[in-house]
Amino acid sequence: MNGMFRYGKGIAAALTLSAVAFVLKAAPQWLFPYVDPLPGHGEAGMLIDDYLTAPRASPPVREVLDAATTWKVAVVTNRPMVQPDEPLPFQATKPLSEQVVDAIYRSADTHFQFCDVVIPNNRRRGTCPVQNDKQPGIAFRHIEQSVSETFFPQLETLRQQSGSQDILIFIHGFNVRLPEAVARAAQVAEDMPFAGPVVVFSWNSQAKTLAYQQDEHSAERHFWSLAELLHGLRTNLAPSCKLHVVAHSMGNRVTLRAINALTGTIDPVGQPTDMFVRARLQSAANVSDVFAAIDSTRTSIVNGTHEIPQRFPIWASWRERNVSTAPLANLILAAPDVDAVEFRQLVGDIKQVCSGITVYASESDLALEASRRVHGGRYRAGDARANLDIEGITVIRVSVPGSNDLLGHSYYGSHPQVLDQLHQLTQPLRRITLGISAQRQ
């Protein structure tokens with residue numbers, strides 16, 4: 001407990017130091033702000049009249065009343081609905097690897113819901129105030145429970161009713177409660193604007209500023225529910241449906257591990273698969289064939305020749321030989337709180353499953369500066385100073401966030417120009433005024 005308290009104090013101290021450095025460094029950037037243009041979209045970006053007249057989802061996905069707009073948002077979470085009364089029993093007779101896998105399986109089940117999110121019409125674009133006892137704001141009305149067997153058919157019906165081929169999947173970052181994640185996803189969809197249904201995946205963040213270490217543990221180990229969700233979306237929705245994934249901050253760790261698990265480049269507990277396993281994957285017709293032919297002492301962290309295919313049947317289902325067209329249309333990684341070296345490896349192994357990968361980075365991100373200091377000075381991928389240069393990846397630099405984002409970390413949802421770009425990425429055939437083509441090149 002004392003060690004965790006010291007770690008929490010380190011986060012607070014890093015935030016303080018970063019705030020001082022941020023003020024000194026960002027002053028000239030406030031005078032000369034910029035957002036890099038999207039390649040092939042021209043310098044102007046989407047102008048305000050485009051935003052006001054852009055196509056939007058049809059009811060019941062999005063319904064407009066005099067004072068508010070209501071979004072029906074799909075919510076998937078592996079947060080525990082009830083805290084366990086006692087810790088999981090220690091099973092000393094099992095190997096450590098099996099204990100790890102058992103812990104994943106005995107963690108909270110995946111829960112499915114549909115929630116009505118009410119967004120006031122008098123709110124300024126880019127703001128996301130959640131209603132509470134002290135302030136009005138985004139509120140929640142009706143929550144409908146679902147299960148996996150009915151969730152995907154319900155979502156496909158919503159997609160058809162929306163009149164769009166597009167689905168937006170949002171994964172939040174560190175220190176976020178479930179209502180905040182749902183509110184932010186609906187606000188971003190409204191402010192882009194987005195024309196199809198929205199799915200929120202909420203992982204088990206402790207939602208506490210001093211619980212950074214616990215959130216890291218959850219983000220890097222409990223990503224399997226997201227892998228199952230992405231696989232389920234691709235399998236159960238119409239083949240023409242386009243999946244657009246937006247991950248923020250530490251949520252990038254959840255997202256990148258989930259996709260790497262689907263491609264078979266990490267195992268179900270987040271460890272890289274060794275070269276021997278990868279070579280077998282390239283030639284095996286079935287995942288089980290890989291492990292049937294490998295000595296049990298060389299199966300990475302999960303022991304036993306059939307451990308992975310038995311317990312994780314969709315593991316490696318998106319490996320390169322199985323993918324004829326990219327399962328994901330866009331992977332948008334906003335302010336990723338991921339070690340830059342690890343990020344290059346994780347992104348490099350999944351490019352074949354995404355039609356486009358876009359990274360948003362900033363030199364004025366106070367939260368990532370604090371994270372850098374906590375991690376021994378190692379740059380995070382969302383820090384523009386990391387100088388990411390990865391073939392096939394688009395990096396957009398944002399110099400300064402604007403008044404709606406004091407930490408400079410949530411500009412993906414608060415900066416109007418970034419919201420414009422998210423619209424252009426997910427709606428590539430939209431026309432920009434002044435005759436500038438927004439068609440993706």
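Visitor: What should I know about the model before I look at any residue?

Guide: This is a predicted model, in which local features need pLDDT of at least 70 and side-chain atom pairs count only at pLDDT 80 or more, while totals for chains, interfaces and linings use all residues. Residues are numbered from 1 along each chain as its sequence is written, and side-chain values use heavy atoms, with hydrogens and water left out.

Visitor: What is the mean pLDDT of the chain?

Guide: pLDDT is the predictor's confidence in each residue, from 0 to 100. Here the chain has a mean of 83, and 76% of its residues reach 70 or more.

Visitor: Where does pLDDT stay under 50?

Guide: Where pLDDT is low, the predicted coordinates should not be read in detail. One such stretch is residues 84-91, with pLDDT under 50 and 6 contacts beyond four places in sequence; a contact means heavy atoms within 4.5 Å. Another is residues 296-300, also below 50, with 12 contacts beyond near neighbours in sequence.

Visitor: How many helices and strands does the chain have?

Guide: Helices (H or I, at least four residues) and strands (E, at least two) are DSSP runs, numbered from the N terminus. This chain has 15 helices and 10 strands. Among its contacts with a separation of 6 or more, 79% join residues 24 or more positions apart.

Visitor: How much of the chain is buried?

Guide: Buried means under 20% relative accessible area, exposed over 50%, and partly exposed in between, using a 1.4 Å probe and protein chains only. Of the 441 residues in the chain, 53% are buried.

Visitor: Is Phe151 buried or exposed?

Guide: Phe151 is buried, because its relative accessible area is 0%. Helix α4, residues 148-162, is where Phe151 sits. Beyond its neighbours within four places in sequence, Phe151 touches Ala74, Val76, Phe112, Gln113, Phe114, Ser146 and Leu229. Take Val76 from that list: it is 75 residues from Phe151 along the chain, with 9.5 Å between their C-alpha atoms.

Visitor: And is Asn122 buried or exposed?

Guide: Asn122 is exposed, because its relative accessible area is 71%. Asn122 belongs to the loop between β3 (111-120) and β4 (139-146).

Visitor: Why is α15 largely enclosed by the rest of the structure?

Guide: An α-helix has 3.6 residues a turn, so residues three or four places apart point the same way. In α15, 9 of the 11 residues are buried, so this helix is largely enclosed by the rest of the structure. The buried ones are Val418, Leu419, Asp420, Gln421, Leu422, His423, Gln424, Leu425 and Thr426.

Visitor: Which residues is Gln421 in contact with?

Guide: Gln421 lies in α15, which spans residues 416-426, and has a relative accessible area of 4%, so it counts as buried. Leaving aside neighbours within four places in sequence, Gln421 contacts Val35, Asp36, Pro37, Leu38, Tyr360 and Ile396.

Visitor: How many disulfides are there?

Guide: A disulfide is a pair of cysteine sulfur atoms within 2.5 Å. By this rule there are 0 disulfides. As for cysteines, Cys115 is buried at 4% relative accessible area, and Cys354 is buried at 8%.

Visitor: How many cavities of 30 Å³ or more does the structure hold?

Guide: Rolling a probe the size of a water molecule over the atoms shows where empty space is left. On a 1 Å grid over the protein atoms alone, a cavity is a set of points where a 1.4 Å probe fits but cannot get out; a pocket is an open set with protein on both sides within 12 Å along at least five of seven lines; lining residues have an atom within 4 Å of a point. The structure holds 1 cavity of 30 Å³ or more, and the largest cavity has a volume of about 30 Å³. Its lining consists of Leu168, Phe170, Arg184, Ala185, Val188 and Val246, with α5 giving the most, 3 residues.

Visitor: Which residues lie nearest the centre of the second largest pocket?

Guide: Phe174, Asn175, Val176, Leu407 and Ser410 do, out of 34 lining residues. This pocket holds about 860 Å³ of space, and α13 gives the most to its lining, with 4 residues.

Key:
Grid points are joined across faces, edges and corners, and a volume is the space filled by probe spheres set on the points.
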